[in-house]
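Here are my notes on this one, written as numbered points. Have the structure open while you read, and check each point against it as you go.

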Amino acid sequence: MNMKNELFTVNQYGKITIDIRTFMDEKQINRNMLARAINARFEVIDRWYGGHVEKIDADILARICFVLECTPGDIIRYEQED
């Protein structure tokens, strides 16, 4: 693929999906509990919980992974569009 002077649309390059809900359910942790455990605002965790994160904060991600005992690869996935 020649990338010089090309623009890509979302249906060409895919998207990142985030799923912390599964790990939270397994550990019986709700959004308030996780927010308190990682010292973050509820709104931040609510965006992660809903998969609506626009920019990934590496520090928040590390804290979430520590509490949920998972790796970033467990909760962040790259999906190519067909």
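1. How exposed is R63, by its relative accessibility? It counts as partly exposed, at 27%. Its side chain meets that of D59 in a salt bridge, with N and O 2.5 Å apart. D59 is partly exposed too, with a relative accessible area of 44%. Both residues belong to helix α5, 4 residues apart, or about one turn of the helix. The spacing makes sense, because an α-helix has 3.6 residues a turn and residues three or four places apart point the same way. Do keep in mind throughout that this is a predicted model.

2. The chain has 6 helices and 2 strands, and along the sequence they come in the order α-β-α-α-α-α-α-β. Of its 82 residues, 29% are buried. If you take the contacts between residues at least 6 apart in sequence, 62% of them join residues at least 24 apart. The chain exposes about 6,300 Å², and carbon and sulfur atoms supply 48% of that area.

3. Back to the charged pairs. The salt bridge count comes to 4, and one of these joins E69 and K27, at 2.7 Å from N to O. E69 sits in the loop between α5 and α6 (72-75) while K27 is in helix α2, so this pair ties together parts that are 42 residues apart in sequence. E69 counts as exposed at 63% relative accessibility, whereas K27, at 35%, is partly exposed.

4. R31 and D46 make another salt bridge, and here the closest N and O atoms are 2.4 Å apart. This one links helix α3, which holds R31, to helix α4, which holds D46, across 15 residues of sequence. R31 is partly exposed at 29% relative accessibility, and D46 is partly exposed at 31%.

5. Have a look at the start of α3. N30 is in the loop between α2 and α3 and caps the N-terminal end of α3, with a side-chain oxygen 3.0 Å from the backbone nitrogen of N32. The N30 side chain also reaches the backbone nitrogen of M33, at 2.7 Å. N30 itself is partly exposed, with 39% relative accessibility. Its C-alpha atom is 10.0 Å from that of D46, a residue 16 places away along the chain.

6. Which residues of α3 are buried? They are L34, A35 and I38. Viewed down the axis of α3, these buried residues fall within an arc of 100°, so they line one face of the helix. They pack against α2, α4 and α5 (58-68).

7. N39, which follows α3, has a positive phi near 60° even though it isn't a glycine. It lies in the loop between α3 and α4 (42-50) and is exposed, with a relative accessible area of 67%. Q28 is also a non-glycine with a positive phi, about 55°. Its place is the loop between α2 (21-27) and α3 (31-38), and it counts as exposed at 69% relative accessibility.

8. The cut-off used for a disulfide is 2.5 Å between the sulfur atoms. C70 is likewise in no disulfide, and the structure holds 0 of them. Both residues are buried: C65 has a relative accessible area of 7%, and C70 has 10%.

9. The T17 side chain makes a polar contact with the side chain of E79, at 3.3 Å. Leaving out residues up to four places away in sequence, T17 touches I75, I76, R77 and E79.

Conventions. Residues numbered from 1 in each chain as written. Predicted model: local features only at pLDDT ≥ 70, side-chain atom pairs only at ≥ 80, totals over all residues. Heavy atoms only, no water. Buried < 20%, exposed > 50% of the residue type's maximum accessible area, 1.4 Å probe, protein only. Polar contact = N/O pair within 3.5 Å; in protein donor to acceptor, adjacent residues only side chain to side chain. Arc of directions from axis to C-beta. Contact = heavy atoms within 4.5 Å. Areas by Shrake-Rupley, 256 points an atom, 1.4 Å probe, with all protein chains shown as cover.
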